[in-house]
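My entries follow in the order in which I made them.

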Amino acid sequence: MKNSAKTPRESFTISPSISTGRALRSGAAWLASATPETVDAFLEGLTDEALLALPWLFEFWALPHQLPPVGAWRTWVIMGGRGAGKTRAGAEWVRAEVEGARPLDPGRSTRVALVGETVDQVREVMIFGDSGILACSPPDRRPDWEAGRKRLVWPNGAVAQVFSAHEPESLRGPQFDAAWVDELAKWKKGQETWDMLQFGLRLGELPRQVVTTTPKNVGVLKAILRNPSTVITHAPTEANRAYLAASFLQEVRARYQGQRLGRQELDGELIEDVDGALWPAAVLEGCQVEGLPKLDRIVVAVDPPVTGGPGADACGIVVAGVVMKGPPQDWRAYVIEDASVEGASPAQWAHAAVAAVQRHGADRLVAEVNQGGELVERVIRQVDALVPFRAVRASRGKAARAEPVAALYEQGRVKHLVGLGKLEEEMGRMSVQGYQGSGSPDRVDALVWALTELMADPARAFQAPRVRGL
């Protein structure tokens, strides 16, 4: 059954004088910044045929990351944030592969695979979506959708077949000279589907494929990126701001700026786990919550720097609470705030720590005293003499102290309020071999002390706060 909604096909030839040349890549930017008189002169200088063709010349309107790199590549990965224009780029690349200069002229490719997570997603996003193939195709080159056979057929005879990543074996047998793969990083059977597609991509002189995806830390994507025949273009969500609601950008940036999720979903960054990561990306993504239950106990933990002032390490200050229902193994902890300060004097970080206690009504302030000894407590009590305080001293290395806390995350017993981006960045760099980043993981140290106080050593929860110096 063919798509019944047809637009009358008005035939025109795409003029080589307009469609060729890399100079076209800056055409839209030039046109957008030109004076009205210049725009009028440009349009009046076009032939009727060229004027009809102009809206469909993607090279003229495209953003740099939406255009394929030059060279004899086999795989082009378009990696970008949400709304960065990846789908439009994929659809236009398919057009460029199958279309000739005139409606019935052959293109470079005639057999295309369209592969998405499900058949429905291929149909609704890649084909019928606002930026899909049908929306991007000029009337005289628009393909027909044959629903029963799950394929698109162009006027020149080129065919694009739909495949689901849930059924890798469906790619066993067919053969292609081009493929468009969408949102590969979220496929549950990504490696199996990708492998089957590679065996079928065997027609023509140089069969090629484009991958449009928001990056995730998955093996199949990382292997593709490492392949010498892969080329990559990249863009954040903001690159396509002209076509996005301003309120959308403001909202998502306000909520996710600086967080691992924001870097992945908005900046289009591939955030990889370090070897032996104590907190893999999947664990950190899975512990996010937007609200808190009623907490039975709250602590503020402090990891003071050795020295203070500009250039000194940050003073890690983390606020966490616990719900103490049932036996200790059933307790659930919530990390509420990263109140860490950088380049602060002892008086400044002490004020910040006490302010966190007051802000959250914390039951105790816990501080590591390995570096400052009794001076740490003395500085804090100069700010608030009555603050419930406990000094803790590290007897093991950072990784050894962090492992029991990391195990709580693996058990799903710790959650994070959104907005802890810098803390989660440090957590992502902690491994069983130690910290794999520059500087000191002061935020992680404070987190470990807070959760040790609340969860890893639950007996402390029943000890009365200790007030000294009275």
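**Loops and sheet**

I began with Glu183, which I found in the loop between strand E6 (178-182) and helix H9 (190-200), where helices (H or I, at least four residues) and strands (E, at least two) are DSSP runs, numbered from the N terminus. I noted that Glu183 has a positive phi of about 50° although it is not a glycine.

Before going further I wrote down the ground rules: this is a predicted model, in which local features need pLDDT of at least 70 and side-chain atom pairs count only at pLDDT 80 or more, while totals for chains, interfaces and linings use all residues. Residues are numbered from 1 along each chain as its sequence is written, and side-chain values use heavy atoms, with hydrogens and water left out.

I then turned to Lys150, which is not a glycine and yet has a positive phi of about 50°. I placed Lys150 in the loop between strand E3 (144-146) and strand E4 (151-153). For context, most residues other than glycine have a negative phi. Lys150 is partly exposed, with a relative accessible area of 34%; here buried means under 20% relative accessible area, exposed over 50%, and partly exposed in between (1.4 Å probe, protein chains only).

Which order do the strands of the open sheet take? I read eight strands in the order E3-E4-E5-E2-E6-E7-E1-E8, with mixed pairing, two strands being paired if DSSP finds at least two bridges between them. The edges are E3 and strand E8 (230-235), each of which pairs on one side only. Neighbouring strands of this sheet are turned by 15° against each other on average, direction ignored.

Within the sheet I followed E6 to strand E7 (residues 208-213), and the two pair in the parallel sense over five bridges. Ala179 stands opposite Gln209 in E7.

Next I looked at the helices. Helix H6 (residues 86-98) lies across strand E1 (75-80), strand E2 (111-116), E6 and E7, and runs at about 170° to E6. H9 lies across E1, E2, E6 and E7, and runs at about 160° to E7. For these angles the axes are lines fitted to C-alpha atoms, for helices over the stretch in contact, and the angles run from 0 to 180 degrees between N-to-C directions; contact means heavy atoms within 4.5 Å.

Last, I recorded the totals. The chain has 18 helices and 17 strands, and buried residues make up 50% of its 470 residues. Of the contacts with a separation of 6 or more, 72% are between residues 24 or more positions apart.
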